[in-house]
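This briefing describes one protein chain, going from the whole fold to single residues. Keep the sequence and the 3D view at hand while reading.

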Amino acid sequence: MAQYLMSVLDDGTNPGSAEEQAAIDVFNDTLKSDGHWVFANGLALPSAATVVDGRDGEPVFTDGPYVESKEYVIGLWIIDAPHLDVALRLAAEGSKACNRRLELRPMHGE
């Protein structure tokens, strides 16, 4: 079974609602009961990020996001799926549940 990262994209214009959270909870429960669940969580706003560059000697810490962008990742799911078609179906269901666009990416195998 392959693993996929589903990144939840947000532009800051939709603060979310109780209905969306309830739909996300139902989606999460379905992922778990169907054996697709690996991990999920929300992320703090990009303003809470710190970029760390330890490539050349002493590490450099920079406050703020790596890239300034209109959209940013606000949450994620990691799922197990037997093939891309199932992952795409689950991403569509997740997008509907959270009322946001998702980016789906396969993860490198072990």
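The lining of the largest pocket is made up of nine nonpolar, nine polar and three charged residues. The model is a predicted one.

**The largest pocket**
- The space in the largest pocket comes to about 380 Å³.
- Its lining has 21 residues, and those nearest the centre of the pocket are Val8, Gln21, Ile24, Ile74 and Cys98.
- At least two lining residues come from each of S1, helix H1 (18-33), strand S2 (37-42) and strand S5 (72-81).
- With five residues, S5 gives the most to this lining.

**The chain as a whole**
- The protein chain has two helices and six strands.
- Read from the N terminus, the order of these elements is β-α-β-β-β-β-α-β.
- The C-alpha trace spans about 45 × 35 × 20 Å along its principal axes.
- The chain has 110 residues, and 28% of them count as buried.
- Taking contacts between residues at least 6 apart in sequence, 77% join residues that are at least 24 apart.

**Ala2, in the strand S1**
- Strand S1 covers residues 2-10, and Ala2 lies in it.
- Is Ala2 buried, partly exposed or exposed? Ala2 counts as partly exposed because its relative accessibility is 31%, a value between the cut-offs of 20% and 50%.
- Ala2 and Ile79 are 77 residues apart in sequence, while their C-alpha atoms are 8.3 Å apart in space.
- Beyond its neighbours within four places in sequence, Ala2 is in contact with Ile79, Asp80 and Ala81.

**Trp37, in the strand S2**
- Trp37 belongs to strand S2.
- The relative accessible area of Trp37 is 28%, so this residue is partly exposed.
- Along the chain, Trp37 and Asp80 are 43 residues apart, and 6.4 Å separates their C-alpha atoms.
- Which residues is Trp37 in contact with, leaving aside its neighbours within four places in sequence? They are Asn28, Leu31, Lys32, Trp77 and Ile78.

**The hairpin of S3 and S4**
- Strand S3 (residues 50-53) and strand S4 (residues 60-63) run antiparallel and are joined by four bridges.
- Asp53 stands opposite Val60, a residue of S4.
- Six residues lie between the two strands of this hairpin, where Gly57 has a positive phi near 75°.

**Asn99, in a loop**
- Asn99 is found in the loop that runs between helix H2 (84-98) and strand S6 (102-106).
- What is the phi of Asn99? It is near 60°, a positive value in a residue that is not glycine.
- As background, most residues other than glycine have a negative phi.
- Asn99 has a relative accessibility of 47% and therefore counts as partly exposed.

Definitions and conventions:
Residues numbered from 1 in each chain as written. Predicted model: local features only at pLDDT ≥ 70, side-chain atom pairs only at ≥ 80, totals over all residues. Heavy atoms only, no water. Buried < 20%, exposed > 50% of the residue type's maximum accessible area, 1.4 Å probe, protein only. Contact = heavy atoms within 4.5 Å. Pairing = 2+ DSSP bridges. 1 Å grid on protein atoms, 1.4 Å probe; cavity = no way out; pocket = protein on both sides within 12 Å on 5 of 7 lines; lining within 4 Å. Points joined across faces, edges and corners; volume = space filled by probe spheres on them. Nonpolar A, V, L, I, M, F, W, Y, C, P; charged D, E, K, R; others polar.
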